[in-house]
Amino acid sequence: MSETRRDSGFGNRDSGTGMPVDLDAAIDAVAREMTDAEPSGALRAHVLEQIRPDRRRSAAVPQWAWAGATAAVVLAAATAIWVISPMRGPEDAPTTVAQQRSGTPSPAVAGDGRVVRPSDAGPGDASAAAALTASVPKAGRAAAARSAAPGAALADEGLHQVQALAEIEPLRFATVGPDPLQIAAVEVTAFPAMTPIDIPSLDAGSSDITSADPKKENRP
Amino acid sequence: MEPVSIQGVSDPELVERARRGDQAAFGTLVDRHRTSVFRAALAALGTREDAEEVAQEAFVAAYRHLQDFREDASFKTWLLSIAWRKALTRRRTVKTFLRRFVQPPGDTEWQVPDAGPTQEQAVLGQELRGHLRREISKLPPKLRDALLVAAAGEQSYGDIAAMLGIPVGTLKWRVNEARRQLRIRLAGMGHGHV
């Protein structure tokens, strides 16, 4: 280790003691002092404790296995929460009062046999919209017929039946147009007589007409 | 395992026995190199607690990867490389970073208690020693690491360079640069001239 120690031969003196100080030697001495410590005597015991065969087997499970297991547990928990949660996505939610009553979705059927949901019916899809509107009373009647019987069963299960919302009648608009213009009579009077305007004839080179812009008059 | 005397057994032989499951052999390796590993970790981290934990982690990691040790370097160098990597990893942790952020580098950061002045230190004077400790702590980490590990006197420059993963020339330059910067700073404090 003599390679790491050097004697520079500097003739410095310490300002405090006035003693000659080799700064490099002082630096090395203090640096050595900063790492001059011994580990605790329990280090060997701790290491041997951790590398015991039984400890090693349990610790030998790779970290990716733990990560995978954790991810699987989280996924299972999330799936369970999603399944039992009453909150569902908009696709699963009942879309009409009748569906809310009956608890079973009853998508409207368009004239061409397609299943139509309200979100599917665009402005131009008149047949789908009509079928959807038409399906509401039917489903409502069917739900009303079914809702009488299960009331008692719900009470037996400790559940309370909630009054369904009143059906919302579809908006109906009459034809909207402007009222016709009503004009009682039109009276036309003669124009007053006009005095003739006397305009002298203009010849080539005539100076009778002058420009309003005097600058243009000065141009050659 | 049949107990055998392993006091005079070489490191390669102990490594071979440890590979076959002889924990006593590995315990001997721990005893032989624990001070070097601990001091290297201490040079990087500055606190006994962290250095102790890193040393422990390094020995455990070395045992678990004994099959990967190819003996193209000495066991000690290989072990110190593991310890050094672990120490640097710990130095980059949020906890360590925050501690350095909250507590600016200075004499208080280096939590190695002063063991009392040796004969060599007695001639230095307390003021100079205090300034030196503080200024060494403030050095850029690469320079400070090189200086502290080299000054510890545990290993040759070749082993230190292998441990730090740098060429020997770079190591020597860093040690000299650390000394040069310290001399300049100390001169500014009235401790001699550069």
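How many helices and strands does chain A have? Chain A has eight helices and four strands, where helices (H or I, at least four residues) and strands (E, at least two) are DSSP runs numbered from the N terminus. This is a predicted model, in which local features need pLDDT of at least 70 and side-chain atom pairs count only at pLDDT 80 or more, while totals for chains, interfaces and linings use all residues. Residues are numbered from 1 along each chain as its sequence is written, and chains are lettered from A and ligands numbered from 1 in the order in which they are written.

From the N terminus on, chain A runs β-β-α-α-α-α-α-β-β-α-α-α. Chain B, in turn, has ten helices and zero strands, giving the pattern α-α-α-α-α-α-α-α-α-α along its sequence. A residue is taken as buried if 20 or more other C-beta atoms lie within 10 Å of its own, exposed if 12 or fewer, and partly exposed in between, with C-beta atoms placed from the backbone. By this count, 15% of the 220 residues in chain A are buried, and 39% of the 194 residues of chain B are buried. Contacts are pairs of residues whose C-beta atoms, placed from the backbone, lie within 7 Å. Among contacts with a separation of 6 or more, residues 24 or more positions apart account for 34% in chain A and for 65% in chain B.

The 17 residues of H3(B) should span 24 Å at 1.5 Å a residue, and the end C-alpha atoms are 24 Å apart, which agrees; the expected span is 1.5 Å times one less than the number of residues. Buried residues of H3(B) include Asp50(B), Val54(B), Phe59(B) and Val60(B). The buried residues of this helix pack against helix H2 (43-50) of chain A, together with helix H2 (23-45) and H4 of chain B.

Two packed helices are described by the angle between their axes and the distance between the axes. H3 (residues 48-64) and H4 (residues 75-91) of chain B pack at about 130°, with their axes 9 Å apart; axes are lines fitted to C-alpha atoms, for helices over the stretch in contact, and angles run from 0 to 180 degrees between N-to-C directions. That makes H3(B) oblique to H4(B), given that angles under 35 degrees count as roughly parallel, over 145 as roughly antiparallel, 65 to 115 as roughly perpendicular and the rest as oblique. On the H3(B) side, the residues that meet H4(B) include Ala55(B), Ala58(B) and Ala62(B), and their partners include Leu79(B), Ile82(B) and Ala83(B). By class, this contact has nine nonpolar, no polar and four charged residues (Ala, Val, Leu, Ile, Met, Phe, Trp, Tyr, Cys and Pro count as nonpolar, Asp, Glu, Lys and Arg as charged, and the others, Gly among them, as polar).

A second pair is formed by H7 (residues 126-138) and H10 (residues 168-188) of chain B, whose axes come within 10 Å and cross at roughly 130°. H7(B) and H10(B) are therefore oblique to each other. Here His131(B), Leu132(B), Glu135(B) and Ile136(B) in H7(B) meet Leu182(B), Arg185(B) and Leu186(B) in H10(B). The contact has four nonpolar, one polar and two charged residues.

Finally, Val15(B) is found in helix H1 (residues 11-19) of chain B. With 19 C-beta neighbours inside 10 Å, Val15(B) counts as partly exposed. Leaving aside neighbours within four places in sequence, Val15(B) is in contact with Leu66(B), Phe69(B) and Phe75(B).

Conventions: Two residues are in contact if their C-beta atoms, placed from the backbone, lie within 7 Å.
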